[in-house]
Number of protein chains: 2
Amino acid sequence: MAGRILATYRIAASAGDIEARARALASEQSVEMPVEAIRDARVLAEVIATVESIRPSGDAFEVALGIAAETTGGEASQLVNMLFGNCSLQPEVELVDVAFPPGYAKAFPGPEFGIAGLRAMLGAPQRPLTCSALKPQGSTVDHLAHLARTFALAGIDVVKDDHGLANQAFSPFAERVPAVQQAIAEANRETGGRTLYAPTLSGDPRALADQLRVARDCGLRMALVAPMLVGLPVFVELRRESGLALLAHPAFGGATRIAPALLLGKLFRLFGADATIFPNHGGRFSYGRDTCLAIARAARDPWEDLAPVLPVPAGGMSVERVPEMVADYGRDTMLLIGGGLLVAGDRLAERSREFAEKVRRS
Amino acid sequence: MAGRILATYRIAASAGDIEARARALASEQSVEMPVEAIRDARVLAEVIATVESIRPSGDAFEVALGIAAETTGGEASQLVNMLFGNCSLQPEVELVDVAFPPGYAKAFPGPEFGIAGLRAMLGAPQRPLTCSALKPQGSTVDHLAHLARTFALAGIDVVKDDHGLANQAFSPFAERVPAVQQAIAEANRETGGRTLYAPTLSGDPRALADQLRVARDCGLRMALVAPMLVGLPVFVELRRESGLALLAHPAFGGATRIAPALLLGKLFRLFGADATIFPNHGGRFSYGRDTCLAIARAARDPWEDLAPVLPVPAGGMSVERVPEMVADYGRDTMLLIGGGLLVAGDRLAERSREFAEKVRRS
């Protein structure tokens, strides 16, 4: 746990103020006290964050800080605390990117399966993958199982819970998950397919432990988790202990203050996601195409021993956009269409097959 | 778990678009699919969020949604998911306030001790309270214990870890906490005082369990926790199971997208904080006085059976500002000065006594 983490921030400040502002940020994100009051030579030399560079960027400045890796304790909550704990409360500061010193990532688990592992589970070594979602919440378990069967018969690779399906009274986890898993297993037997179910894990650590018991009892291999909702360190623990492939959901991830490629790509990968869902451009969310491609790069680019993560563009996508999305993201991608299939109503089975086949052929 | 939660959002949209935008938000934050594709009458009537009101607010609109309480499952991660899960990714949307239906709060623990309980622990039934912080991180355990002794001898009520003191190699939790706790106990015996130590709990659930064992072994009664770092549902579990008074820290809480009074006041109270630290106006952070007073109101105003929470203004405060802060916040407040004492250097003991006495007399 040696060396410096290079964290780049965008700071709105005037040219006259930026040097002092950068030094104040370096103190805020390390010792959090006036530097002149520190007498310990080791703290002065090794613990206080350093201002590595300041450069103009549009009407603001990009400031790179060198944060001592040792201060993060090699642990997720303390890492994000050092990167963006207090300064998340300073609206003029955004966290743009982070570069870790060589070997730093070894303290974290990274993806257990990654793209290759997911492909092996799904029996799809090369083509782009497909995903749809069970919704709306409030539906009966029977209805959700019926939807899951329809998607699996259509050959969709992954059927996930809507991220709003948690453990509510209308479809409790312990009833829903075995029923949906069984519906998918039956459909797989009929088709010879290998569709996987990814239910939502949510709640406090005790609830998660209960959900993992249910998951193991019914042979589940994958789950959907929103790291920002359960807590980043809890996500790391799920990676280490669940044995499940983890599909990360961006809910509660904020919009503009941490760069999406950093949070949903790099950090979720470091913490152990195998696949990462993000709102694709042109849907219900405002990320531009460059942002989306940057997320995919952060998920898949070589990074020491960390397996690449499957990018999952989503959020108001349609079957018509399949060719464009495959052209944008390439084959190591899973396309997620939820509501865009469900609007087909009575033609859901047909529309789902169309989606699966269009992706298979692309 | 019946009735509707009234969630108020500020949405940047044109007058021509706002009705459609509000309906889209209602779908996003409940069923997350096109409403026309839903056939289940119960879902249509009881699960889809409703647009309760739209009113102009400056150059934007305030939109109130009625979110079915049932969709939150009475659990912290799912509650914030329903309030601000997906729409946190839509930068034109901010979460302004939330009103819960009668009885809703019973699903959550609320504060175990609250202001009255903290006062009883500290033997200070009426006066404003004082707090200081052990820093910088990187210091030796001996230095931190010496600082703690100095603060305790000066009569400061609560000595907390800096929120950057986690479980790093330079002062591991299992060494630091017993040493500091002992230094404070010895100082208390000398003075007859009742200073309490609040170390930082951080990390994944296994690490927290280890830290709680250390805490119990050395008779700790209070801890500092950043709910947004450990995860909101983990914070609730700590409230239910730790037996400790919980001092909530705002790190990683973001600045502008969830109103501070809602997050640091109302929600942290619902989830079980006994005291809530927030950056006071006029320090290193940008909250205005109105925002700070709103946090204090959300922490203390009557709310069904939930005990009031102690507001802890902080973030670059000084002894000189004590009278003004007491005038602003009243007696049911704990004033936190960290770096503002430490800059005194060799005069730290004197300056700490001055702080404690100034507050006692006010």
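Let's start with the two chains of this predicted model: chain B can be laid on chain A by a turn of 180 degrees and a shift of 0.0 Å along the axis, with an RMSD of 0.0 Å (a least-squares superposition on the C-alpha atoms of residues with pLDDT of at least 70 in both copies). The two copies are thus related as by a two-fold rotation axis. In chain B, B:G231 has the C-alpha nearest that axis, 1.8 Å from it. Of the interface residues of chain B, 100% are also interface residues in chain A, so the copies meet through the same surface.

A word on conventions: residues are numbered from 1 along each chain as its sequence is written, and chains are lettered from A in the order in which they are written. Local features need pLDDT of at least 70, side-chain atom pairs count only at pLDDT 80 or more, and totals for chains, interfaces and linings use all residues.

The largest nonpolar core has 258 residues, of which A:A148, A:A223, B:A148 and B:A223 touch the most other members. Such a core joins buried Ala, Val, Leu, Ile, Met, Phe, Trp, Tyr and Cys residues through C-beta atoms within 7 Å, where buried means 20 or more other C-beta atoms within 10 Å of the residue's own, with C-beta atoms placed from the backbone. Leaving aside residues up to four places away in sequence, B:A223 touches B:A198, B:P199, B:L201, B:A215, B:L244, B:L246 and B:L247 (contact means C-beta atoms, placed from the backbone, within 7 Å).

Conventions: Buried ≥ 20, exposed ≤ 12 C-beta atoms within 10 Å, placed from the backbone. Contact = placed C-beta atoms within 7 Å.
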